[in-house]
Amino acid sequence: MPTDDERVRELLGREPRGDYEIVVRDATGDPVVLRNAPLLHDGTPMPTRYWLIGPAEIRRVGRLESEGGVDRAEAELDPDVVQAAHDRYAAERDALIPADHDGPRPYGGVGGTRVGLKCLHAHWAWYLAGGDDPVGRWIERELAARERFTVRLDHAVLRIDWSDDRWDLPVGLDHLLTTWLGDGDPPHPAALTNALGDVSDHVDDIVRDRPEAEALVEIGVTGPAAQAIARLEVGVDDPAMPCELDRDTAEEIFRLVATESRADRAHNPGLPSADVDTVLAALCTVVAVLRRLGLDRVELVAGDAG
């Protein structure tokens, strides 16, 4: 096993030029964030107090930056709040400069930024180290949304996105309605069981590929059919989204819808006539995923089925 210093040199790709501490590690103990002294060994100012060196964290934030993350964060966050964060960062760093130092001094705030935003990596490093950084909180929300396990209820396929992975499973809403749920009005119990099993069997493929899926606590469900489920649950045409749906409620709604005729389903308040069949297949899918992954709840999210 390499020493901490050896691993830091390996991650940096060079010899460190100043004093540092490892202040954040990953689950394996590998360094993620360094806290740097404000001056390098030769007296050169070091404006970046917190330095991100974890490869996984660098990749995650790098993707966010490459997709315009800096501009988006700058547009969405209050500039006065961001400037206050820069001031806090600079005050912490500059307080460690020796009182008798008469050479060049570090400048700017996070990562040496004078105004606005420059580098999400520096903000993420400070935030991971416990810094009160609104940009870091924004990054956390963005990464969580990007990397969340999301089920898209589409007519053609059941699309699942998780981090950089995507699966298009051949159990879309139309498949369930045509293959299993159209055998009666309402469908026969055996057909419902087969439909649930069909979805579950395909989710098994994901679990075999990514066993950590079974450790998920909550997932997102999106697409027009997700909104149809929310309409049915709340009983209004325009429910507030996102809408949390716990497992017991999902099971109860599924049982009610699955045992109603199409004509009875059409009388449900808030459910458009176009969703009378779709909502049955959508609930079947959601319940199957909840059961297979052992989840207690899902979050229904507005959006198209893209």
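Student: Which ring does R210 lie over, and how do you know that the charge counts as sitting over the ring?

Tutor: This is a predicted model, so keep that in mind throughout. R210 lies over the face of W162, at 4.0 Å from the ring centre. The limit is within 6 Å, and the charge must also be within 35 degrees of the ring normal.

Student: What about R49: which ring does R49 lie over?

Tutor: R49 lies over the face of Y50, at 5.9 Å from the ring centre. The cut-off is within 6 Å, so R49 over Y50 counts as well.

Student: Why is the pair of Y89 and W126 called edge-to-face?

Tutor: The structure holds four aromatic pairs, and Y89 with W126 is one of them. Their centres are 5.1 Å apart, with 80 degrees between the planes. Pairing needs centres within 6.5 Å, and edge-to-face needs planes over 60 degrees apart. Both tests are passed, so the name is edge-to-face.

Student: Why is the pair of W124 and Y127 called stacked?

Tutor: Look at the angle. The planes are 15 degrees apart, and the centres 5.7 Å. Stacked means under 30 degrees, with centres within 6.5 Å. So W124 and Y127 are stacked. They are three residues apart in helix α5, which means about one helical turn separates them. Both W124 and Y127 are buried.

Student: How do you know that E147 and R60 form a salt bridge?

Tutor: Their closest N and O atoms are 2.9 Å apart. The limit is within 4 Å, so the contact qualifies. E147 sits in helix α6 and R60 in helix α2, so this bridge ties parts that are 87 residues apart in sequence.

Student: What makes D132 and R88 a salt bridge?

Tutor: Their closest N and O atoms are 3.7 Å apart. That is within the 4 Å limit, so the pair counts. D132 is in the loop between α5 and α6, while R88 is in helix α4, 44 residues apart. At 41% relative accessibility, D132 counts as partly exposed. R88, with 34%, is partly exposed too.

Student: How do you know that R292 and D204 meet in a salt bridge?

Tutor: The N to O distance is 2.3 Å. That is within 4 Å, so the contact is a salt bridge. R292 is part of helix α12 and D204 of helix α8, so the bridge joins parts 88 residues apart in sequence.

Student: Why are β6 and β8 said to stand at the edges of the sheet?

Tutor: The open sheet has six strands in the order β6-β5-β4-β7-β9-β8. β6 and β8 each have a single partner strand, so one side of each is left without a neighbour in the sheet.

Student: What makes β4 and β7 a strand pair?

Tutor: Strands β4 and β7 share three bridges, in the parallel sense. The requirement is at least two bridges, so they pair.

Technical notes:
Residues numbered from 1 in each chain as written. Predicted model: local features only at pLDDT ≥ 70, side-chain atom pairs only at ≥ 80, totals over all residues. Heavy atoms only, no water. Phe/Tyr/Trp six-rings, centres within 6.5 Å; stacked < 30°, edge-to-face > 60°. Helix = DSSP H or I, 4+ residues; strand = E, 2+ residues; numbered from the N terminus. Buried < 20%, exposed > 50% of the residue type's maximum accessible area, 1.4 Å probe, protein only. Salt bridge = Lys/Arg side-chain N within 4 Å of Asp/Glu carboxyl O.
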